[in-house]
Amino acid sequence: HTGGYANPQGAGTDFNTSFGSAIAGQTNLGGYPAGTVNRHEFPGLQQNGTGTAMSRGEWTTAATQYLTQISPVNVGLQASVDMATSTLTVDVEVYYTGTQTITSNMLNIAVVQNNIEGPQTGGQSNNPGSMLANGNYNHNHMLRHMLTGQWGEQISTITPQTLYSNTYTWTIPSQILGYPLSPILDPTNFAVVAFVSEGQQEILSGTEVYPNLIFAN
């Protein structure tokens with residue numbers, strides 16, 4: 001969620017983040033909707049002939065091709081939110097099973113949010129099942145934060161049978177800092193995504209979980 005369609009049209013409708021424009025910028029997208037599959041270039045499927053951005057009709061073809069690939073790494077993830085302190089805790093494990101031609105990887109952890117109400121150009125014609133009774137659209141998988149920064153944190157030892165583990169925490173603000181018109185951050189609708197990449201592109205493997213919600217007794 002970035003670009004002109006993410007700009008605010010009223011309170012709660014600023015869908016931008018500080019991370020979105022850089023992610024979109026590396027794709028060479030030609031217009032929206034656009035998406036990438038594992039940040040990989042699929043010759044013949046790109047919007048502009050180069051780059052990773054593909055139009056909606058190409059996503060399934062690209063994903064089917066990529067599912068035949070063998071990954072050298074497994075990613076394990078669990079997360080919880082302490083609702084009393086608004087603290088997200090994420091535990092991640094990365095286990096290497098195969099060799100690579102490079103010497104390090106990048107671990108990325110993203111927080112996305114489901115069930116965000118807002119405008120959506122073309123929603124009625126392209127995805128009517130997500131339209132709400134009031135004419136707004138129900139947005140899902142909207143990027144809200146990157147716990148590991150723009151391009152992730154480095155894993156320097158990636159030899160087979162190596163295990164990397166770490167714990168990350170985030171004190172969840174009510175809204176994205178610096179974006180006063182952004183939607184309210186609702187942990188009950190969060191999902192956490194962890195993925196390992198070769199660098200800023202070429203994602204090797206990843207997983208997604210819904211955090212456990214911890215309420216005070």
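Analyst: Two strands pair if DSSP finds at least two bridges between them. Helices (H or I, at least four residues) and strands (E, at least two residues) are DSSP runs, numbered from the N terminus. The model is predicted, so local features need pLDDT of at least 70 and side-chain atom pairs pLDDT 80 or more, while totals for chains, interfaces and linings use all residues. Residues are numbered from 1 along each chain as its sequence is written, and side-chain values use heavy atoms, without hydrogens or water.

User: How many bridges join E3 and E9, and in which sense do they pair?

Analyst: E3 covers residues 105-113 and E9 covers 190-197. The two strands are antiparallel and share eight bridges. One place to look is Met 106, which stands opposite Ser 197 in E9.

User: Which residue of E10 is the bridge partner of Ser 197?

Analyst: Ile 203 is that partner. E10 spans 203-209, and its pairing with E9 is antiparallel as well, over six bridges.

User: What lies between E9 and E10 in their hairpin?

Analyst: Five residues separate the two strands. Glu 202, in the turn, has a positive phi of about 50°.

User: Is E9 mostly covered or mostly open?

Analyst: The scale comes first: with a 1.4 Å probe on protein chains only, buried is under 20% relative accessible area, exposed is over 50%, and partly exposed is in between. On that scale E9 is mostly covered, with seven of its eight residues buried.

User: Which residues have the most contacts inside the largest nonpolar core?

Analyst: In soluble globular proteins, nonpolar side chains tend to be buried together. A nonpolar core is a set of buried Ala, Val, Leu, Ile, Met, Phe, Trp, Tyr and Cys residues joined through side-chain atoms within 4.5 Å. The largest one here has 29 residues, and Leu 88, Val 90, Val 92, Val 94, Leu 107 and Ile 109 have the most contacts inside it. Strands E1 (73-82), E2 (87-96), E3, E8 (163-171), E9 and E10 each give two or more residues to this core. A separate core of six residues includes Phe 42, Leu 45, Met 54 and Ala 62.

User: Which residues is Val 94 in contact with, leaving aside its neighbours within four places in sequence?

Analyst: Contact means heavy atoms within 4.5 Å. Val 94 then touches Val 73, Asn 74, Leu 107, Ile 155, Thr 162, Leu 163, Tyr 164 and Val 196. Of these, Leu 107 is also listed with Val 94 among the residues with the most contacts inside the largest core.

User: Where is Ser 86, and is it buried or partly exposed?

Analyst: Ser 86 sits in the loop between E1 and E2. Its phi is also positive, about 55°, although Ser 86 is not a glycine. Because its relative accessibility is 29%, Ser 86 counts as partly exposed.

User: Which peptide bond is cis, with omega near 0°?

Analyst: The bond from Tyr 32 to Pro 33 is cis.
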